[in-house]
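Dear colleague,

Please find the structure below, handed over for your reference.

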Amino acid sequence: GNFNEPFDGSQTIAWDDLAPGVGFEIPSGQESFTSSLPGPGVTVGSVNGCAPWQDYIVQTNISHTGAFTDDQDYYGIILRHQDPINYYWVKVQYYAFATPPVHVLHIGKTVGGIESPLLISMGVTPYDATKTYTLKAQVQGTEISAKVWQPADPSDPGADEPTAWQRTTTLTDFTSGKFGVITSNDTFQFDDVSLENAPPIL
């Protein structure tokens, strides 16, 4: 089954906060998903889907508004969410004050509230705050894969999607769980969150 959330009111399946009061919201008059808490330095997420789900692909577009106030702001995707302190994640972390600015693709996990980055790819592409980026992650068995790119047309990111996954690693902590989005700052705006290869949401 597939799921698509354009944040325009057409999707009726509700999102749940990663932790009570620590979730995303749709700002008035906008068609995007944004942290309900200002950053930097926060961990805010929202989840959707069903706990028994095992293998699926999640994709989202992300744009940035405002100025960076922290050199390591990030946005990301949650995979196989169990509860607020147990889940896998794929994050794109920005080093905005590097010369030139770059972003870093991480794959990792949070287990018992302890975050463990496992695989890092430095400088996937130079960072451009005026552009929209697409982040895609797949969980298949024990394998987690991820890629991030700057689409020429954000309404059709598949047109210039990289063929290969940029990073892949193995994780064995969780066999199923929900999906979601996560960020450290309300200056990131998520749009068009889509899900592939999962059963219908019950």
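**Findings**

Asp-192 is partly exposed, with a relative accessible area of 30%. This value, like the others in this message, comes from a predicted model. Asp-192 belongs to strand β15, which covers residues 188-196. The phi angle of Asp-192 is near 55 degrees, a positive value in a residue other than glycine. Most residues other than glycine have a negative phi.

Arg-80 also has a positive phi, near 50 degrees, and is likewise not a glycine. Arg-80 sits in strand β7, residues 74-83. With a relative accessible area of 2%, Arg-80 counts as buried, because that value is under 20%.

Thr-134 is buried, and its relative accessible area is 0%. Its side chain makes a polar contact of 2.7 Å with the side chain of Asn-61. Leaving aside residues up to four places away in sequence, Thr-134 touches Gln-59, Thr-60, Asn-61, Lys-147, Val-148, Trp-149, Pro-151 and Pro-157.

As for the chain as a whole, it contains 15 strands and zero helices. Of its 202 residues, 49% are buried. Considering contacts between residues at least 6 apart in sequence, 64% join residues at least 24 apart. The accessible surface of the chain is about 8800 Å², and carbon and sulfur atoms account for 50% of that surface.

With kind regards

Methods
Residues are numbered from 1 along each chain as its sequence is written. This is a predicted model: local features need pLDDT of at least 70, side-chain atom pairs count only at pLDDT 80 or more; totals for chains, interfaces and linings use all residues. Side-chain values use heavy atoms; hydrogens and water are left out. Buried means under 20% relative accessible area, exposed over 50%, partly exposed in between (1.4 Å probe, protein chains only). A polar contact is a pair of N or O atoms within 3.5 Å; within protein, one must be able to donate a hydrogen and the other to accept it, and residues adjacent in sequence count only if both atoms are side-chain atoms. Contact means heavy atoms within 4.5 Å. Helices (H or I, at least four residues) and strands (E, at least two) are DSSP runs, numbered from the N terminus. Accessible areas come from the Shrake-Rupley method with a 1.4 Å probe; for residues, only the protein chains shown count as cover.
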